[in-house]
Amino acid sequence: MPDTLATITQIKNTRAFVLELVKDLTTEQLNKIPSGFNNNMIWNIAHLTAAQQNLCYERSGLTVTVIEEHFSPFLSGTKPENFIEQTEIDSIFDTLLTSMDRLTTDYLSGIFLKFDPWNKRYGMKLNSIEDAINFIPFHEGMHIGYIMALKKLV
């Protein structure tokens, strides 16, 4: 359990880095989809939360802990459909961090009693909530790379 909690802390710290990376960007810059890309920075940031909710809660048969507007539109296979206004961006940023606090609380309370195993396309098999949490830094690292590339183009 201590390693899992350390991983959750690492994820939250990395997410704080992402917010620092984009803090000076405009709403237009966060929404811009550069040529050759199919999404934007705000989609990638919201996707971090949606993917974590899907991995941890949905795969465990639990209800996600974020509002629907922060979940389904940002799952894998989706792309930006609408311009996201600043108030919604602020909410996405807040949820990015608070969802990790909630994961810590829920993990410590032992609500993750089952897990639907999942073979990820990267050759990883997730068999438990701990596997899912340990997968998140890998997944988020890829998306941080996308965010950094997108930032250079806006």
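Me: Which element gives the most to the lining of the largest pocket?

Reply: Helix α3 does, with six residues. The model is predicted, so local features need pLDDT of at least 70 and side-chain atom pairs pLDDT 80 or more, while totals for chains, interfaces and linings use all residues. Residues are numbered from 1 along each chain as its sequence is written, and side-chain values use heavy atoms, without hydrogens and water.

Me: What makes F135 and F138 an aromatic pair, and why is the pair called tilted?

Reply: Rings of Phe, Tyr and Trp (its six-membered ring) pair if their centres lie within 6.5 Å; planes under 30 degrees apart are stacked, over 60 edge-to-face, and the rest tilted. The centres of F135 and F138 are 5.6 Å apart with 45 degrees between the planes, so the pair is tilted.

Me: Where do F135 and F138 lie?

Reply: Both belong to helix α5, three residues apart, about one turn of the helix.

Me: Why is F135 called buried?

Reply: Buried means under 20% relative accessible area, exposed over 50%, and partly exposed in between (1.4 Å probe, protein chains only). F135 has 3%, and therefore counts as buried.

Me: How do the residues lining the largest pocket divide by class?

Reply: Twelve are nonpolar (Ala, Val, Leu, Ile, Met, Phe, Trp, Tyr, Cys and Pro), two charged (Asp, Glu, Lys and Arg) and ten polar (the others, Gly among them).

Methods:
Helix = DSSP H or I, 4+ residues; strand = E, 2+ residues; numbered from the N terminus.
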